[in-house]
Amino acid sequence: MSIESILTSAALQAVQNLYNTALTAQQIQLQSTKPEFEGDLTIVVFPLLKISKKTPEETAKDLGAAIQAATAEVSTFNVVKGFLNLSISEEYWIKSFSELNNSLPLQNDHAKKLMVEYSSPNTNKPLHLGHVRNNFLGYAVANILEAAGNKVIKTQIINDRGIHICKSMYAWMTWGNGETPASTQEKGDHFVGRYYVLFEQNYKKEQQALIAQGVSEKDAKTKAPLFQEASNLLRQWEAGDQQTVALWKTMNSWVYEGFEETYKKFGVDFDKIYFESQTYLLGKKIIEEGLAKGVFYQREDSSVWIDLTAEGLDEKLLLRSDGTAVYITQDIGTAVDRYKDFQVDGIIYTVANEQDYHFKVLFLVLQKMGYSFWEGLFHLSYGMVELPTGRMKTREGTVVDADDLIEEMIATAGQATEEKGKLSELNSTEKSEVVRKIAIGALKYFMLKVDPKKSMLFNPEESIDFNGNTGPFIQYIYVRTRSLLRKTAGEDLHYTISEISAKEKELIKKTGDFHNVVLEAAKLYSPAIIANYCYELAREYSAFWADHQILKSEDQNVRNFRIALSKTVGDTLAQGMKILGIEMVERM
RNA sequence: GAUUCCGUAGCUCAGCUGGAUAGAGCAACUGCCUUCUAAGCAGUAGGUCACGCGUUCGAAUCGCGUCGGGAUCACCA
């Protein structure tokens, strides 16, 4: 039983005895004592004054005396205003450390089968900074839910269908001269992306020419010959034209190969991939069913809509007047498909907050269609990554490419590592592996330490630091613990101790929080909670390291206890970082 | 305009289910490597928690309003 529940039930009993009142556990306000006061845990007695009918001080004293008498763990207490500070005996902390088990996953009696969707790119351009946050976040949340004892399926939906990919296709047909990623030595997604940009540039020129001739801006968009060609290609694709479909498959496969490479660098993976091209027809079918059921309605031009004005939203288009699918159509089909494939209890959609409205509508549509699984759907809405100049804009060339970013990080980390010069024992393959882990660790931690809901700033100029509240700092603290363990490998590390220092006690408390932190992170879908916990633990260990001798402790028992403590800190950090998708290194 | 998210140190962020004197990192300045990895530690300085009102014994935290910023409100995805 945790010390918190021991104290809570003792407090409840004390209130019962002293004031003859039965309270619930929630009415006992137990919190950890602020460092500037003596004690470990504090009960706030202000809420109890109405029952005690005494001053805060008297109430706290009565309660403190009763709790101390009833529990072996409480060694002493003091009262400051309405705060009852309870000191827990060192024996208790030593015992709880010896019994600590921070292994994962947690036992969960209410385990669920959950699907986490993330990444979900378009197949017409390479991944960028926005995808970086998305991927790290989605992957970490999947790990968190799994660590909390759930079954998790990682997935994405690939937007492989639509006018955007036709644009790249047409550009390649027109200007490609049959070149391929292999022939140009280019990464497939960058290769295809180049043609998409080429298309857009020429398309823009055509629009400007038309506008110069007096055509309205709106008409110019659709009347430009290139747009006509791309639309034509889309119609051919929808009609199943063999050549078009073949080219579509080829170009998409180039993109997938490129993506795969980037995902590998990200250190993320997927259990199941859905393609829009395979789900949009089901979406259309469901819309037709809904139309027949009267959930949706059709306008004179035969477009299909849902009226959500009663829910405080607008009317929303579900099917175009020409019967073709829009963005939400495939999402409806995909959700139903997923549910059928896996009978999941829930789907977590990792998608930026610019799509908050979209998901509100999507969930309502599914609810109104009578799919009971709509209750398990959750939009993990996260803030955009902004540059010092504001949002990334393709047109202004401010898009930060994911592959470039990672290369730069690795270069910077390599330089920093070289300057430290601590890897002389490693060969060059091992060295570059360490550098890679530090680089990715820095980037991931940077992205994940911020509350997902908040938009964040990324400054490429200043790049990412390796000091302070960073991934590499945590990796570094782990490295220290590993260094100790290497030096004592094979030794008998038994110990018996009866006293611990204040910093040792703090570390015991902190490592003991790990499972609760994981649960909290799972509840809030927030990797930031794990990241901040790891940082606090690492910082406390670092302070401990600075003013305690470990291997050189005179007393063998103290020495071995400190080694055990170091191991627990290291293992806990490694587990926390693993959840974030950050790998540890043995030396740095 | 409507809806929604946000506003904490010069900068980037914690803290937010109400609790004691609001915390870190970066940047600046001081110290600390002959001793277990200094990517570190210790310290100095830096705050009207956007503003106002309310609820409360108690508000950065909850409610209302004002100001400021982002996002969304497409037969785009």
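User: How many bridges join strand β3 to strand β4, and in which direction do the two strands run?
Analyst: The model is predicted. In it, β3 covers residues 74-80 and β4 covers residues 83-88. One of the pairs across them is Asn78 with its bridge partner Asn85 in β4. The strands run antiparallel, and the number of bridges joining them is six.

User: Which residue in the hairpin of β3 and β4 takes a positive phi?
Analyst: The hairpin has two residues between the strands. A positive phi near 50° is found there, at Lys81.

User: Is Phe83 buried, partly exposed or exposed?
Analyst: Phe83 belongs to strand β4. Leaving aside neighbours within four places in sequence, its contacts are Thr42, Ile43, Val44, Phe46 and Asn78. Buried would require under 20% relative accessible area and exposed over 50%. Phe83 has 29% relative accessibility, so it counts as partly exposed.

User: What distance separates the C-alpha atoms of Phe83 and Pro56?
Analyst: Along the chain, Phe83 and Pro56 are 27 residues apart.

User: Against which elements do the buried residues of helix α4 pack?
Analyst: Helix α4 spans residues 90-99, and its buried residues are Tyr92, Trp93, Ile94 and Phe97. An α-helix has 3.6 residues a turn, so residues three or four places apart point the same way. The elements against which the buried residues of α4 pack are α1 (3-19), β4, α18 (502-512) and α21 (556-580).

User: Which residues have the most contacts inside the largest nonpolar core?
Analyst: The largest nonpolar core has 143 residues. Apart from that core lies another, of 34 residues, among them Phe296, Leu318, Val344 and Phe359. Within the largest core, the residues with the most contacts are Ile67, Phe458 and Ile474.

User: Which residues does Ile67 touch, not counting residues up to four places away in sequence?
Analyst: In soluble globular proteins, nonpolar side chains tend to be buried together. Ile67 is one of the residues with the most contacts inside the largest nonpolar core. With residues up to four places away in sequence not counted, Ile67 touches Leu7, Ala10, Ala11, Ala14, Ile43, Val74, Leu84 and Leu86.

User: Why does one side of β8 and of β10 lack a neighbour in the sheet?
Analyst: The open sheet has three strands in the order β8-β9-β10, with antiparallel pairing. Since β8 (297-298) and β10 (315-319) each have a single partner strand, one side of each is left without a neighbour, because both stand at the edges.

User: Which helix packs on this sheet?
Analyst: Strand β9 (residues 304-307) is joined to β10 by four bridges, and Val304 stands opposite Leu319 in β10. The packing helix touches β8, β9 and β10, and its direction makes about 125° with that of β10. This helix, of residues 276-293, is α12.

User: How are α15 and α16 oriented: parallel, antiparallel, perpendicular or oblique?
Analyst: Helix α15 (residues 402-420) and helix α16 (residues 428-448) have axes 8 Å apart and pack at an angle of about 120°. Their crossing is right-handed, and the residues that meet include Leu405 and Met409 in α15 and Val435 and Ile438 in α16. An angle of about 120° therefore makes α15 oblique to α16.

User: Is Asn252 buried or exposed?
Analyst: Asn252 lies in helix α11 (residues 242-266). Not counting residues up to four places away in sequence, Asn252 touches Thr123, Asp160 and Ile165. Its relative accessibility is 2%, so Asn252 counts as buried.

How values were computed. Residues are numbered from 1 along each chain as its sequence is written. Chains are lettered from A and ligands numbered from 1 in the order in which they are written. This is a predicted model: local features need pLDDT of at least 70, side-chain atom pairs count only at pLDDT 80 or more; totals for chains, interfaces and linings use all residues. Side-chain values use heavy atoms; hydrogens and water are left out. Two strands pair if DSSP finds at least two bridges between them. Contact means heavy atoms within 4.5 Å. Axes are lines fitted to C-alpha atoms, for helices over the stretch in contact, and angles run from 0 to 180 degrees between N-to-C directions. A nonpolar core is a set of buried Ala, Val, Leu, Ile, Met, Phe, Trp, Tyr and Cys residues joined through side-chain atoms within 4.5 Å. Buried means under 20% relative accessible area, exposed over 50%, partly exposed in between (1.4 Å probe, protein chains only). Angles under 35 degrees count as roughly parallel, over 145 as roughly antiparallel, 65 to 115 as roughly perpendicular and the rest as oblique. A crossing is left-handed if the near helix is turned anticlockwise from the far one by less than a right angle, and right-handed if clockwise.
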